Amino acid sequence: MRCPFCGSEDTQVKDSRPADDGAAIRRRRSCPSCGARFTTFERVTLRELTVVKSDQRRVPFDRDKLARSIRIALRKRPVDEDRVERIVNGIQRRLEAEGESEISSRAIGEMVMETLKELDQVAYVRFASVYRNFGEAADFQAFLGSLDRNG
């Protein structure tokens, strides 16, 4: 594993332990060249996923980007970081289990929406405002009205 600080190829694992309920291995590493310490995570990947964007561009699935968007929606909400990791793990497993190597960004967004709707209504509305590209207050009113009707 290359050192992110100095680029040295020779780093050493100092400690390994299970993470994310056994779905990953957390490794503490150190670099003998510069003395820096850093953490890496090793996860099982069932298949390489490609995300098909709305403009038809294809990009590799980015687990960190998914986690960031969920964290932004949940900012200052009473949901702990372990819960966010479980959500991301669950969505990634669902995507891998579908058997397709290409998945639309819309399908991923819908999975996040359905998860957040069950978890936290405020986060659900926050995510929807970006995902559905609300441009004005009337968009929020229409969405909240549909939320009241659908429960």
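Apart from neighbours within four places in sequence, L66 contacts F61, V88, I91, I108 and V112. The model in which these contacts occur is predicted. L66 belongs to helix α1 and, with a relative accessibility of 6%, counts as buried because the cut-off for that class is under 20%.

The protein contains five helices and six strands. In sequence order these elements follow the pattern β-β-β-β-β-α-α-β-α-α-α. Of the 151 residues, 33% count as buried. When contacts between residues at least 6 apart in sequence are considered, 42% of them join residues at least 24 apart.

Two packed helices are described by the angle between their axes and the distance between the axes. For helix α1 (residues 63-73) and helix α2 (residues 81-97), the angle is about 130° and the axes are 10 Å apart. Angles over 145 degrees count as roughly antiparallel, and α1 and α2 are therefore oblique to each other. Their crossing is right-handed. On the α1 side the contact involves R63, L66, A67, I70 and R71, which meet E81, V84, E85, I87, V88, N89, I91 and Q92 of α2. By class, the residues of this contact comprise seven nonpolar, two polar and four charged.

Helix α2 consists of 17 residues and spans 24 Å from its first C-alpha to its last, close to the 24 Å expected at 1.5 Å a residue. The buried residues in α2 are V84, E85, I87, V88, N89, I91, Q92, L95 and E96. An α-helix has 3.6 residues a turn, so residues three or four places apart point the same way. The elements that cover the buried residues of α2 include β3 (37-43), α1, β6 (102-104) and α3 (105-119). After α2 comes G99, which has a positive phi near 85°.

The packing of α2 against α3 has an angle of about 140°, and the two axes lie 11 Å apart. That makes α2 oblique to α3. The crossing of α2 with α3 is right-handed. Here R83, I87, I91, R94 and L95 of α2 meet I108, M111, V112, E114, T115 and L119 of α3. The residues of the contact of α2 with α3 comprise seven nonpolar, one polar and three charged.

The crossing of α3 and α4 is left-handed. The residues in contact are S105, R106, G109, E110, V112, M113, L116, K117 and L119 from α3, together with Q121, A123, Y124, F127, A128 and Y131 from α4. This set divides into nine nonpolar, three polar and three charged residues.

Most residues other than glycine have a negative phi, and most peptide bonds are trans. Q56, although not a glycine, has a positive phi of about 75°; Q56 lies in the loop between β4 (50-52) and β5 (58-60). K76, likewise a residue other than glycine, has a positive phi near 65°. K76 is placed in the loop between α1 and α2, and its relative accessibility of 80% means that K76 counts as exposed.

Definitions and conventions:
Residues numbered from 1 in each chain as written. Predicted model: local features only at pLDDT ≥ 70, side-chain atom pairs only at ≥ 80, totals over all residues. Heavy atoms only, no water. Axes fitted to C-alpha atoms, helices over the stretch in contact; angles between N-to-C directions. Helix = DSSP H or I, 4+ residues; strand = E, 2+ residues; numbered from the N terminus. Parallel < 35°, antiparallel > 145°, perpendicular 65-115°, else oblique. Left-handed = near helix turned anticlockwise from the far one by under 90°. Contact = heavy atoms within 4.5 Å. Nonpolar A, V, L, I, M, F, W, Y, C, P; charged D, E, K, R; others polar. Expected span 1.5 Å × (residues − 1). Buried < 20%, exposed > 50% of the residue type's maximum accessible area, 1.4 Å probe, protein only.
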